[in-house]
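This report walks through one structure for a reader who has not seen it before. Please look over the sequence and the model, then read on.

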Amino acid sequence: MNDTRNIPAQLDAVVVGAGFSGLYMLYKLRRLGMSAKVVEAGADVGGTWYWNKYPGARCDVESMHYSYSFDRELEQEWEWTEKYPSQPEIHAYISHVADRHDLRRDIVLNTKVTEARFDEESSRWTVRTDEGDEVSARYCIMAVGCLSKPKLPEIPGIENYTGNWYHTSHWPEERVDFSGQRVAVIGTGSSGIQAIPILAERADHLTVFQRTANFSLPTFNGPIDQDLVAGIKAEYPRIREEARMSGFGIAVEEPTQSALEVDDEERRSKYTERWNRGNLTGVLQAYTDLLVDERANETAAEFVRGKVREVVRDPEKAEILCPRGYAFGTKRPCLDTGYYETFNREDVDLVDLRATPLVEITENGVRTTEREHEFDSIVFATGFDAMTGALLSIDIVGRDGVSLQEKWAEGPTTYLGLTTTGFPNLFTITGPGSPSVLSNMIVSIEQHVDWISDLLSHMSQQELAVVEPTESAEKQWSDHVQECGEATLFTKTDSWYMGANVPGKPRVFMPYIGGVGPYRQKCDEVAANGYEGFALQ
Ligand code: FAD
């Protein structure tokens, strides 16, 4: 126990992670009168928005909607500067929330939780950290993030490389100077697509290594429209409520027509109008069947490919950049600022790793099956071990000495994405089996935290000490999550939603695609029916 850091030996709750989830959870626990500490591996609060400081890091939900709704005064006071907020701006916002609600005094930074063990006799969790802390807590709340365990490419040799290398999600605090350098970017997911246009400007020469072309849409980002801000602020409660009951956590008009019901011209005009909105949901939500019918999806996919061909002058490069082989939207689509335009620069090369796969990192750069490329710096934009990576990095041991790694060896199973049988009093915020990464995550985070808080309040009123989902409730829910996934095109795509980006990870569709609104209703129903599906004692 490291008492200089002032963690008491006994707490009501330990929260792991100080991003949006952990901060709001702490706020709510305090209001319940519970003693709690948040343990955070990073040197500051912010989670995603603390770690991902790479050039161009930005949210792809609009500023006015990617914010907490619980503090009605803050949502009126806070002034976003851009349509889509940049990482520094979101980090400033989260820091402000931490200060405004005096949260920092219960947050222990620079400390990783390594182990959490459930003691059946006392019905308490013992939580241990890499700093030697040992804390006993009634509740253990995992707010560890779905995209917080970085992943490197599975090729050998990184230890031999003599230049500088970076992972987008562990970007250094100080600005990295790429001037005069030959720089490589490996990976063209969201982070790569955001960073590439800026790195191209800063480096002497940029080479982009692409394995899978992603669908990317322009943000048309810029200073936030003040009339729009005034309109949203005047209507915030209604807009937030609509977001809570929507499919993806963003208030949008729901589609009513199939893409196959209309002719080419009408479709094209609708896609164009929605493309020009510069957001994630515009084109994807144009028709009812884009995520469930391959033919319908192909009309939208081909529309986006047409946009790539319009921008990229070199037809060979354009074809490499055109996504194929999976349905539009079944990997998280990207939003960009000048991504495709970057490939018209003389000083930017594109290497198609489908044609010439990576073999190794060498002393001087990268070797593909074709040749060695030399670089002064390499940027890995290779994503995350998503949804379960951070959780399973902690040695979590529940009833009968069974670890979460063992229990989830074939893929995660949960009840409502919030809890899992055999691990009483353990909660996962935005866990697998909840809408999570398929939503505006702040909406999902607030819903989880509110729901957990209501349950804890119920337990203390009823003088209950232990909550755990029943096996049958968990099985039913997990089957439902899979059925919903299988009714869509998502499960046909090798994506990180399916664990496909991590060798050896079970192929299971992890998030819940049934919709943010229906999911909320289900959680509310469970609570209203006396926490149906849970054993409480
Ligand atoms: P995080 O912000 O990931 O915080 C989890 C924290 O837990 C981290 O700080 C981590 O250090 C800490 N932690 C993990 N394990 C341990 C441990 N063992 N011990 C101690 N601390 C630990 N979502 C959207 O809705 N819209 C977007 O446009 C969007 N853009 C994104 C862009 C990027 C580049 C990334 C990476 C994510 C994006 N997300 C987006 C998802 C984003 O993660 C969530 O919106 C939100 O920030 C998650 O908050 P969180 O608190 O749940 O998790």
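In which helix does Asn297 lie? Asn297 belongs to helix H9, which covers residues 294–311. The model described here is a predicted one.

**Asn297 and its surroundings**

The relative accessible area of Asn297 is 2%, and because buried means under 20%, Asn297 counts as buried. A polar atom of the Asn297 side chain lies 2.6 Å from the backbone oxygen of Leu290. Leu290 is also one of the contacts of Asn297 when neighbours within four places in sequence are left aside; the others are Ala327, Phe328 and Leu489.

**Arg117**

Strand S4, residues 113–119, contains Arg117. Is Arg117 buried, partly exposed or exposed? With a relative accessible area of 35%, Arg117 is partly exposed, because this class takes in the values between under 20% and over 50%. The side chains of Arg117 and Glu115 are joined by a polar contact of 2.8 Å. Not counting residues up to four places away in sequence, Arg117 touches Arg124, Trp125, Thr126, Arg128, Asp395 and Val397. Val348, by contrast, is 51 Å from Arg117 in space, C-alpha to C-alpha, and 231 residues from Arg117 in sequence.

**The ligand and its shell**

Which residues come nearest to the ligand? There are 33 residues around the ligand, and Ser21, Glu40, Thr48, Asp60 and Tyr66 come nearest.

| Residue | Distance to a ligand oxygen atom |
|---|---|
| Ser21 | 2.6 Å |
| Asp60 | 2.4 Å |
| Tyr66 | 2.5 Å |

Taken alone, the ligand exposes 970 Å², and 94% of that area is buried by the protein. H2 gives the most, with three residues. By residue class, the shell around the ligand holds 18 nonpolar, eleven polar and four charged residues.

**Aromatic pairs**

A pair of aromatic rings can be described by two values, the distance between the centres and the angle between the planes. The count for this model comes to 38 aromatic pairs. One of them joins Phe20 and Tyr93, whose ring centres are 6.2 Å apart and whose planes meet at 40 degrees, so the pair is tilted. What does this pair tie together? Phe20 lies in helix H1 and Tyr93 in helix H4 (residues 87–100), so the pair ties together parts that are 73 residues apart in sequence. Phe20 is buried, with a relative accessible area of 5%, and Tyr93 is buried as well, at 2%.

Another pair is formed by Tyr166 and Trp171. Their ring centres are 5.1 Å apart and their planes stand at 35 degrees, so the Tyr166 and Trp171 pair is tilted. Tyr166 and Trp171 are both buried.

Ring pairs also link residues into a cluster made up of Phe20, Tyr24, Tyr27, Trp49, Tyr66, Tyr68, Phe70, Trp78, Trp80 and Tyr93. Tyr66, a member of this cluster, is also among the residues that come nearest to the ligand.

How values were computed. Residues numbered from 1 in each chain as written. Predicted model: local features only at pLDDT ≥ 70, side-chain atom pairs only at ≥ 80, totals over all residues. Heavy atoms only, no water. Near = heavy atom within 4 Å. Polar contact = N/O pair within 3.5 Å; in protein donor to acceptor, adjacent residues only side chain to side chain. Areas by Shrake-Rupley, 256 points an atom, 1.4 Å probe, with all protein chains shown as cover. Helix = DSSP H or I, 4+ residues; strand = E, 2+ residues; numbered from the N terminus. Nonpolar A, V, L, I, M, F, W, Y, C, P; charged D, E, K, R; others polar. Buried < 20%, exposed > 50% of the residue type's maximum accessible area, 1.4 Å probe, protein only. Contact = heavy atoms within 4.5 Å. Phe/Tyr/Trp six-rings, centres within 6.5 Å; stacked < 30°, edge-to-face > 60°.
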